[in-house]
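Keep the 3D view open and follow along as you read.

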Amino acid sequence: MMLYVLTHDYSGRLGRSAITEKGLVYHIYSSLRTNGRQTWATIWTGVDPDKADALEIELRTQIATLASEPPTAAETEAARNHILGRDVTAAQSNDELATKLMREFVETGGGRSHEQLRLVLKTITARDLAKAAKTFTKGTILRVDVGAPGN
């Protein structure tokens, strides 16, 4: 839910600041991966090389802001609704369905119905996200700059 609040396309906090307000990036994508014990949040963007340093500063600023200005009730509800919607619509091909089922197994030790997910997400409040934001800010940022082919 924190990743959604931060990176959801043009409407997440980073998208509003880095795309709409500052023109630093073309797009923002994110994903969450887990092995059942550890979880990795990955954010990648389309950014011109001369704006990469400014984007890294903006990313660090927005992550820090998650702790000083935690997600609102409206952001929490939007994140919850997004996750529920993706639970229903994301797995359309056999590969996507297999990935979804494997992720559920790693996360929960078995399958999970949409209703079970809804009940879990319903218990998460803006206050919970505020507490999680403090931990989120302690993560490590690994920056990978990709040059033009042949450079």
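Predicted model: local features only at pLDDT ≥ 70, side-chain atom pairs only at ≥ 80, totals over all residues.

Residues are numbered from 1 along each chain as its sequence is written, and side-chain values use heavy atoms, with hydrogens and water left out.

**The overall picture**

- Along its principal axes, the C-alpha trace spans about 45 × 40 × 25 Å.
- The protein has 151 residues, and 27% of them are buried; buried means under 20% relative accessible area, exposed means over 50%, and partly exposed is in between (1.4 Å probe, protein chains only).
- Take the contacts (heavy atoms within 4.5 Å) between residues at least 6 apart in sequence: 61% of these join residues at least 24 apart.

**The nonpolar core**

- A nonpolar core is a set of buried Ala, Val, Leu, Ile, Met, Phe, Trp, Tyr and Cys residues joined through side-chain atoms within 4.5 Å.
- Which members of the largest core touch the most other members? Out of its 21 residues, they are L6, L14, A18, V25 and L66.
- The elements that each put two or more residues into this core are α1, α2 (13-21), β1 (25-34), α3 (52-68), α4 (73-89), α6 (114-122) and α7 (126-136).
- As a general point, nonpolar side chains in soluble globular proteins tend to be buried together.
- V25 is worth a click: leaving aside neighbours within four places in sequence, V25 is in contact with A18, I19, T45, G46, V47 and L55.

**How the helices pack**

- For the angles below, axes are lines fitted to C-alpha atoms, for helices over the stretch in contact, and angles run from 0 to 180 degrees between N-to-C directions.
- The axes of α2 and α3 come within 10 Å and cross at roughly 150°, so these two helices are roughly antiparallel. Angles under 35 degrees count as roughly parallel, over 145 as roughly antiparallel, 65 to 115 as roughly perpendicular and the rest as oblique.
- The α2 and α3 crossing is right-handed: a crossing is right-handed if the near helix is turned clockwise from the far one by less than a right angle, and left-handed if anticlockwise.
- On the α2 side you'll find R13, L14, S17 and A18, which meet L55, E58, L59, Q62, T65 and L66 in α3.
- The axes of α4 and α6 also come within 10 Å, crossing at roughly 170°, and that makes α4 roughly antiparallel to α6. R80, I83, L84, D87 and V88 of α4 make this contact with H114, L117, R118, L121 and K122 of α6.
- α3 and α7 pack at an angle of about 140° with their axes 7 Å apart, and their crossing is left-handed. I63, L66 and A67 of α3 make the contact with A133, K134 and F136 of α7.

- T7 sits in helix α1 (residues 2-7). Is T7 buried or exposed? T7 is buried, because its relative accessible area is 2%.
- The side chains of T7 and S30 are joined by a polar contact of 2.7 Å. A polar contact is a pair of N or O atoms within 3.5 Å; within protein, one must be able to donate a hydrogen and the other to accept it, and residues adjacent in sequence count only if both atoms are side-chain atoms.
- Setting aside neighbours within four places in sequence, T7 is in contact with G12, I28, S30 and I43.
- D87 belongs to helix α4 and counts as buried because its relative accessible area is 14%. Not counting residues up to four places away in sequence, D87 touches K100, E104, H114 and L117.
- Y29 lies in strand β1 and is partly exposed, at 43% relative accessibility. Beyond residues up to four places away in sequence, Y29 touches T42, I43 and W44.
- T135 is in helix α7 and counts as exposed because its relative accessibility is 56%. T135 and A67 are 68 residues apart along the chain, with their C-alpha atoms separated by 8.6 Å.

How values were computed
Helix = DSSP H or I, 4+ residues; strand = E, 2+ residues; numbered from the N terminus.
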